[in-house]
Amino acid sequence: MAKRTAQTADTSPDLAAMSLLDDGASDFGGGMLERRSLAEQVANRVMAMIKSGNLKSGDKLPTEAQMGIAFGISRPPLREALKALTLMGVLVSRQGGRYSVTDLSPSRLVAPFNTMLSVADYDVHQQFEARTVVDLELVRLCALRASRELRQRIHTLAVDGIGFDHDPVAFRLLDIEFHQAINGGAANDLLSALAQVLYDLGLDVRRTASEMPGVIARSVNQHIAVADALVAGDAEAAVLAYRRHLEHVRDTTIQSMAAGKPQ
């Protein structure tokens with residue numbers, strides 16, 4: 001019954017997306033799904049199609065009615081799966097109820113993660129634990145992959161910080177450029193997007209911390225140590241220097257939070 005529906009729909013311009021159902025058991029028409037965790041199974045089936053290339057950015061999915069026939073399920077679990085994929089940034093709902101695959105860019109895919117963190121209670125220890133995992137790998141990759149020109153730019157940004165010792169606003173702008181340059185040198189867009197989310201978390205507290213005496217000067221020296229290691233192509237030294245920098249940022253963030261608490 002599902003196959004016959006797909007063949008009929010395939011002759012209609014409005015239902016061109018139903019050609020997806022003709023690709024065999026590995027795709028939408030893979031037989032009736034098990035009754036347990038239907039929404040999760042649907043989401044996994046769609047994600048598998050995207051991973052395999054059967055669905056690409058911009059492709060329109062069949063209508064809900066057509067997908068319901070293909071999967072052999074009712075609309076409630078199907079809609080739950082589509083909603084979950086939309087929240088994940090994988091699908092986008094268009095006018096008329098048709099869903100399509102997004103551009104799948106790293107910034108879009110981490111957007112739900114960013115929202116989740118922004119509404120959660122800020123935990124400085126969790127933030128810097130996560131930054132340690134993500135940022136240190138980016139620094140390591142940067143030491144291995146960055147071009148000579150980019151390494152030199154990172155070093156210039158680090159040294160230029162010396163002139164911003166008494167200008168927290170200017171230093172914060174330079175700091176963003178420094179860290180983004182390292183992330184770019186790693187040549188991993190998804191890790192870079194995650195790093196940016198974690199960097200942005202708690203920026204209000206970081207603004208206060210950057211105005212504490214001696215904080216900028218120490219950060220600049222640590223930036224230079226990281227940059228020196230990157231220019232030398234020494235991944236181990238770069239990671240070690242960056243770890244010390246993160247510990248400094250974490251500790252001064254905690255101090256700033258403590259100073260801002262009402263007595």
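Trainee: What makes the crossing in which α12 passes α13 left-handed?

Mentor: A crossing is left-handed if the near helix is turned anticlockwise from the far one by less than a right angle, and right-handed if clockwise. In this predicted model, α12 passes α13 in the left-handed sense. Helices here are DSSP runs (H or I, at least four residues), strands likewise (E, at least two), numbered from the N terminus.

Trainee: Why is α12 called roughly antiparallel to α13?

Mentor: The two helices pack at an angle of about 165°, with axes 8 Å apart. Angles over 145 degrees count as roughly antiparallel, under 35 as roughly parallel, 65 to 115 as roughly perpendicular and the rest as oblique; therefore α12 is roughly antiparallel to α13. The axes are lines fitted to C-alpha atoms, for helices over the stretch in contact, and angles run from 0 to 180 degrees between N-to-C directions.

Trainee: Which residues of α12 and α13 meet?

Mentor: Contact means heavy atoms within 4.5 Å. Among the residues of α12 that meet α13 are V226, A229 and L230, and the α13 side includes A238, A241 and Y242. The residues of this contact divide into nine nonpolar, six polar and two charged.

Trainee: How is the pair α7 and α9 arranged?

Mentor: Their axes come within 7 Å and cross at roughly 65°, and this crossing is left-handed. The contact involves residues including L138, V139 and C142 of α7, with H179 and I182 among those of α9.

Trainee: What makes a set of residues a nonpolar core?

Mentor: Such a core is a set of buried Ala, Val, Leu, Ile, Met, Phe, Trp, Tyr and Cys residues joined through side-chain atoms within 4.5 Å. The largest has 30 residues, of which I154, F178, I182, V226, L230 and Y242 touch the most other members. Helices α7, α8, α9, α12 and α13 each supply at least two of its residues. A second, separate core of 20 residues includes A43, I73, A81 and L91.

Trainee: Why is A65 called partly exposed?

Mentor: Buried means under 20% relative accessible area, exposed over 50%, and partly exposed in between (1.4 Å probe, protein chains only). A65, which lies in helix α3, has 36% and is therefore partly exposed.

Trainee: On what basis are these values given?

Mentor: Local features need pLDDT of at least 70 and side-chain atom pairs count only at pLDDT 80 or more, whereas totals for chains, interfaces and linings use all residues. Residues are numbered from 1 along each chain as its sequence is written, and side-chain values use heavy atoms, with hydrogens and water left out.

Technical notes
Ala, Val, Leu, Ile, Met, Phe, Trp, Tyr, Cys and Pro count as nonpolar, Asp, Glu, Lys and Arg as charged, and the others, Gly among them, as polar.
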